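Subject: Structure handover

Hi,

Here is the structure for you to look over. My notes on what was found follow below it.

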Amino acid sequence: MIKKIKLACNVSLFISPYDIHPFQGNLKELTKEKFEDLRSQIVDTGFAFPVFVWKDPSDDLWKTFDGHHRVLVVKHLMEKEGYEPFQIPCVEIFAKDRKEAKIRILQATSRYATITEEGLYEFQHDAGLSLDDLKKYDIGIDMERYNTKFLEEKFADKDADEVPEIKPTNIKLGDLFQLGD
């Protein structure tokens, strides 16, 4: 049986993984455990996100901006696990020189927004995801802490039919409040 990597995105540029060269250096590290997580993700759900590449005018080679580790996993699948040849779906990113290209790498790998536990809880339940589903991804949240501090404590004492008691207050229009420290 021929093993195939499923393509789960649509682009117009496809490049052999052997024609895509690293450009980040040692900027990011991929542990063996995370390599296996990424490998499993590609095998289970397909290659869903194109690799960002730049054609370096100094040597006319395609360089990775974002996706270097996915390219390594695909090479591994083809060389070590018998997957058929696979062309990497790519998006070409423009940069006038190496300095601008390196800045583009930082742009691609930067996280401008942060996932919050409350936002994750809403996202998780909207999608019907289990805690095990979430644990497959490195999203910047300690999943054990999220489970014990957010899920278990937040909802352990609440009954779905319980209506919270509303206590009267002396608050009136025009009162000022100080929030935080």
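This is a predicted model: local features need pLDDT of at least 70, side-chain atom pairs count only at pLDDT 80 or more; totals for chains, interfaces and linings use all residues.

Ile171 sits in the segment after helix 6 (143-155). Its relative accessibility is 53%, so Ile171 counts as exposed.

Overall make-up
The protein has 6 helices and 5 strands. From the N terminus on, the order of elements is β-β-α-β-β-α-β-α-α-α-α. Of the 181 residues, 29% are buried. The protein exposes about 13200 Å². Carbon and sulfur atoms supply 53% of that area. Among contacts with a separation of 6 or more, 75% are between residues 24 or more positions apart.

Helix packing
Helix 1 covers residues 32-45, and helix 2 covers residues 68-80. How do the two pack? Their axes are 10 Å apart, at an angle of about 70 degrees. Angles of 65 to 115 degrees count as roughly perpendicular, so helix 1 and helix 2 are roughly perpendicular to each other. On the helix 1 side, the contact is made by Phe35, Leu38, Arg39, Ile42 and Val43. Helix 2 brings His69, Arg70, Leu72, Val73, His76 and Leu77 to the contact.

Best wishes

Note on methods
Residues are numbered from 1 along each chain as its sequence is written. Side-chain values use heavy atoms; hydrogens and water are left out. Helices (H or I, at least four residues) and strands (E, at least two) are DSSP runs, numbered from the N terminus. Buried means under 20% relative accessible area, exposed over 50%, partly exposed in between (1.4 Å probe, protein chains only). Axes are lines fitted to C-alpha atoms, for helices over the stretch in contact, and angles run from 0 to 180 degrees between N-to-C directions. Angles under 35 degrees count as roughly parallel, over 145 as roughly antiparallel, 65 to 115 as roughly perpendicular and the rest as oblique. Contact means heavy atoms within 4.5 Å. Accessible areas come from the Shrake-Rupley method with a 1.4 Å probe; for residues, only the protein chains shown count as cover.
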